[in-house]
Amino acid sequence: MKFIDWLDERLAIRQLMKVMLLEYYVPKNINFLWSFGVLIMLVLIILIVSGIFLLMYYKPDANLAFDSVNKTIMMDVEFGWLFRHVHAVGASIMFLVLFIHMGRGIYYGSFKPPRELVWLTGYFLFILMAATAFTGYLLPWGQMSYWAAQTITTLFEKIPVIGPDLVIWIRGNYIVADATLTRFFALHVVFLPLLLIFVTVVHLYAVRIVGSNNEDGIEIPKEEKKKKGIPFWPVFMSKEFFVMSVFLIFFFWLVFYKFDFAMDPINFTPANYLQTPPHIYPEWYFLAFYEVLRGFFFSQNLGLIAFVLSMLLPMFLPWIDKSPIKSGNHRPLFKIAFWIFVLDFIFLTVLGKLPPTGLYGWLGFVGSLVFFAFFIALPIISRIERKELERGGNKQ
Amino acid sequence: MKDLKILAIISILVIITYIGIEPFAKHEMHGTVPPPDYNYLDLPKKELTGNPEQGKVLFKQNCASCHSVQADGISATMDKQTAQLSFKVVPPDLSNIASIIEPHFFAAFVKDPQSATKFPKFAMPGMSYLTDEQIGHIYSYLKSVAKPQEKLTGKDILHDACTRCHSVKYQKIKAQTDPKYLNDYLGKVPPDLSLMGKAKEEEYLATFISNPQVMLPGTSMPRLGLKQESAEKVIAYLDNIADPHKEERNKLGLWVLGYLVVLAGLTYAWKRKIWSNLH
Ligand code: HEM
């Protein structure tokens, strides 16, 4: 008791607890999709902790990296294999929970006012996470690490004027080589995680200020928050802990018994710049975007533009979808578009791994068009909804 | 209830994606692996019988210039360095070879190694002048000195059949031949086998080892005529060294999952308690 008082005098700890936990009310009409933010944080912590352990034995040198991972960590170090599996599965699952978190945001219109900054900081986190995963994937220095990095960095070559120089600047060499490995290492273990943590804090702060959205997308006025909501601590978090422990069962089942999907067999062959593997593909979470790139198989430049657009368009959702109705629960047309988009994303993900020849090439093209159709449909759907609202008065 | 419905939808989408990017994509990329052929049906089936004493003599005359049989105290006339200079590969010790490879493969191999191994540049000269009877003697001699198949481990077989070309560096096994000669001979340095058990599926390994040309047409790895038991032991060994913590992992996994199930029960009870006080 005494110590709490002592701290309170210096750090206003009681006030902080009140604001952050005890008097922070979460709406009642939310489902477990609202647990995914916390799940992301859990996975982020898992990644950081396992990453630190890996860092103790990893050697960022083109001659040593492969063996330091596959021999030292996987075979010699006590429980090294566990930390590597946790880290690799964690990275994969991070994107699963991120996609669900983002899909929730899109479906329930959580990106709309007043949550534009929550969305933007969130999207920035997604880009950062993608960069972290991409740089991290090079570190084991296997064949797929190498050739995925080689292929993706080559994309920058197409940028007008500065392209070719930019590629060399990124790689630190004419091809992906030791210099690339070392700089990706620096980005992956220091710069990107620091930025991730910082932006996460901003993201959470923004959520705390505007409050959580809910299933119906109808904002609860400040005065009613206490009545219509549940306190973050302990009520909301008690459910959260349960969701977390169920999630951990799934996560560690993957880690111990089903880790193969996060460890491409081709990556157990050391990087060899003279030998291109027959199939080069990124990790599954980039496949959809990669397929948009390949979808425009008749023009590399068009493909590249489409690729960049596909990565960036969702960021502008608050300005693309300006319908006054927030939640997809109350938007029949949007619902259809949303589910087509989700299925198309899965379709693109699967196609992204298949050889882009014959029929698959054309399907990729169609899938890419459907991807963009979603973003074209949204303003139109918003218009229709706005008109209907005006005509039907305050039915909503 | 609603939460369970959402969970069901997510699970279905995840499973569809998983099937698409794992089994389906793999099948589309690599096709189905044909079953291995350990019977070497393209070679004539033969019973090899003979007299070990006569075989030993014949062996000394025809084979011992290149091959040793350490089990019987025979060393090759040619030392390793000369051998790898002349053949670009060190001829293997043949102490256990009769337990490792199929007899009818052996018979066809001695007469015409290039076609038996399906590798036109195979370094051992064919001895078509030997009669089936003489080969039977040599075989029964080799059989008489060899450890029985049951006593051979995967590692022994690997040592006699593979490591003249392949290294297994995580097991501190260096290829008996210097890589620079192998490169001249085979057009490339054969890959290290330390992680092969993870880099390739078991079915792939079985089919590849029994007949490399099926999986990599034109490859310079020779067909070696391994018996099914030999190949299976080698593959099990490769799997084992590539994933040495499998047992530990499976055991620890149960403990961790058990602990987490208990944790989930406790957190559920706590949640129930807190939420039942809500109105
Ligand atoms: C490191 C990555 C991230 C972390 C740690 C994180 C964490 C969180 C947390 C804890 C919440 C509150 C709980 C919840 O509503 O789930 C939240 C809400 C939210 N996040 Fe994220 N998030 C991350 C990435 C993203 C991304 C990539 C997006 C979308 C582009 C995003 C968009 C949102 C939105 C819109 C909300 C408010 C949802 C609502 O109130 O309905 N976040 N985030």
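Within chain A, domain 1 and domain 2 bury about 2,600 Å² between them, with carbon and sulfur atoms giving 72% of that area; buried area here is the accessible area (1.4 Å probe) that two parts lose on being put together, summed over both. This is a predicted model, in which local features need pLDDT of at least 70, side-chain atom pairs count only at pLDDT 80 or more, and totals for chains, interfaces and linings use all residues. Residues are numbered from 1 along each chain as its sequence is written, chains are lettered from A in the order in which they are written, and side-chain values use heavy atoms, leaving out hydrogens and water.

**Between the two domains of chain A**

- Domain 1 covers 31-195 + 232-280 and domain 2 covers 285-396, with bounds that come from an automatic or database domain assignment.
- Their C-alpha centres lie 25 Å apart.
- Contact (heavy atoms within 4.5 Å) takes 29 residues from domain 1 of chain A and 32 residues from domain 2 of chain A.
- On the domain 1 side, A:Tyr107, A:Lys112 and A:Tyr123 lose the most area to domain 2, together 26% of what that side buries.
- The rule finds 1 salt bridge across this interface, a salt bridge being a side-chain nitrogen of Lys or Arg within 4 Å of a carboxyl oxygen of Asp or Glu.
- A:Lys112 also forms a salt bridge with A:Asp321, where the closest N and O atoms are 3.4 Å apart.
- Of the elements on the domain 1 side, α6(A) gives the most, with 9 residues; helices are DSSP runs (H or I, at least four residues), numbered from the N terminus.

**Between chain A and chain B**

- Here the buried area is about 4,700 Å², and carbon and sulfur atoms give 75% of it.
- A:Met75, A:Phe256 and A:Tyr257 supply 13% of the area that chain A buries against chain B, more than any other three residues.
- Chain A brings 55 residues to the contact and chain B brings 49 residues.
- You will find 4 salt bridges by the rule across this interface; A:Lys353 forms a salt bridge with B:Glu22, with the closest N and O atoms 3.3 Å apart.
- The elements giving two or more residues to chain A's side are α4 (65-76), α5 (80-107), α11 (232-257) and α15 (332-353).
- The largest share of that side, 15 residues, comes from α11(A).
- By class, chain A's side divides into 39 nonpolar, 9 polar and 7 charged residues, where Ala, Val, Leu, Ile, Met, Phe, Trp, Tyr, Cys and Pro count as nonpolar, Asp, Glu, Lys and Arg as charged, and the others, Gly among them, as polar.
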